[in-house]
Amino acid sequence: MSSTPPPGWYRDPSYPLVERWWDGTAWTDHRRQPETETPQEPLTGPGPAAGGPGRAKVIALTAAGSVLVAAVVTGVVVLARDAGGSGSGAEAKTTVGSSATTTPSASSPSASVSEPSADDPSVVEDELNGITLPLPEGWVRAENVADDDVVMTTPGTYDCPGDPGLCRHGQVLSRTATTSDASPEALARGDIADAMDTAFDRDGLGSRPFGGVTSHREAKAGTVAVGGRAGYFVRWRVTTAKGPGGYVQSLAFPSSVGSEAPVIVRFAFDAGADGPPLTDMDRITKGIRPIGDPAAGGGVGSSIGASR
């Protein structure tokens, strides 16, 4: 029997000239141009298993190299039929803040969630939004997380203090804002409550890893330059029923590529001695750059940074 490949960029079975993001259980809508000129053979079905032994026969035929085009078409049909299904391998639930994480049963050294910059391995690229984010010491590229938007996490996990599950001490994600006609301040203030609920209140499975949020207060807020663009951030200190609570921050700024759609970067840090230092929020914000323009201006205002 075949195993489900881990999350990563693979050749799109429906259009092999581009690469498509596989989240570990299903194809997403994220696509990119291949990084090499010599195309590699596309995966013909890293999606959920279908048809039992019949599926294995398809993979075997593909591996043999006979009728490559037919195998690609077969993979497209199977993926379309199984979209939204769950993988056949055993999975273990983890919580990042309060975001569910799945660990695929298969592994592949050729796939990774976040690709480092070719010039700087300490940088994580968000190709969809055209930015790079610095990877501070003590952080790792996101691996085996269910949310495609997560770009980095703290290493390792621990037992959540509330409902059973595994938690991480910190995570950072970036996503395109759903509206483009609002100011960075309006976007950041409109996002922060959801950022808090997602990280510290109730996860997508209905669990409360920290027993729920009991209160919050604004720690810092203000304008900030991000990659040469005017942005705005809001930071909350969150108190939870169990555990030390934490900090969440929503940062909004316009992208410098394409339609210049606004980008939102969320931070979720545990409080206490085991959580990342709040200065990492400032360090990451200051280091955000447009892809291909590492010398672009940017910086963090003196108003950013709150003591625990």
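The structure holds one disulfide, a term used here for a pair of cysteine sulfur atoms within 2.5 Å. This is a predicted model, in which local features need pLDDT of at least 70 and side-chain atom pairs count only at pLDDT 80 or more, while totals for chains, interfaces and linings use all residues. Residues are numbered from 1 along each chain as its sequence is written, and side-chain values use heavy atoms, with hydrogens and water left out.

The confidence of the predictor in each residue is given by pLDDT, on a scale from 0 to 100. The chain has a mean pLDDT of 74, with 65% of its residues at 70 or more. Over residues 46-96 the pLDDT is below 50, although this stretch has 77 contacts in the model beyond near neighbours in sequence, a contact being heavy atoms within 4.5 Å. The pLDDT is also below 50 over residues 296-308, a stretch with 42 contacts beyond near neighbours in sequence. Where pLDDT is low, the predicted coordinates should not be read in detail.

The disulfide joins Cys160 and Cys167, whose sulfur atoms lie 2.0 Å apart, and the link is right-handed, with 110° about the S-S bond. Cys160 is buried at a relative accessible area of 9%, and Cys167 is buried at 0%; buried means under 20% relative accessible area, exposed over 50%, and partly exposed in between, with a 1.4 Å probe and protein chains only. Of the 308 residues of the chain, 47% count as buried.

The chain contains four helices and 17 strands, which are DSSP runs numbered from the N terminus (helices are H or I with at least four residues, strands E with at least two). Seven of the strands form an open sheet with antiparallel pairing, in the order S8-S9-S12-S16-S15-S14-S13; two strands pair if DSSP finds at least two bridges between them. At the edges are strand S8 (140-141) and strand S13 (213-226), each of which pairs on one side only. Helix H4 (residues 279-287) packs on this sheet, touching S9, S12, S13, S14, S15 and S16, and its direction makes about 155° with that of S16; the axes behind such an angle are lines fitted to C-alpha atoms, for helices over the stretch in contact, and angles run from 0 to 180 degrees between N-to-C directions.

| Strands | Bridges | Opposite residues |
|---|---|---|
| S9 and S12 | three | Val150 and Leu173 |
| S6 and S7 | four | Val123 and Pro134 |

Strand S14 is largely enclosed by the rest of the structure, because nine of its twelve residues are buried. S14 forms a hairpin with S13, with two residues between the strands and a positive phi of about 60° at Gly227 in the turn. In the hairpin of S14 and S15 there are five residues between the strands, and Gly243 takes a positive phi near 85°. S6 and S7 likewise form a hairpin, with four residues between them and a positive phi of about 70° at Gly130 in the turn.

Arg141 lies in strand S8 and counts as buried, at 19% relative accessibility. The side chain of Arg141 reaches the backbone oxygen of Val123 at 3.2 Å.

Key:
Polar contact = N/O pair within 3.5 Å; in protein donor to acceptor, adjacent residues only side chain to side chain.
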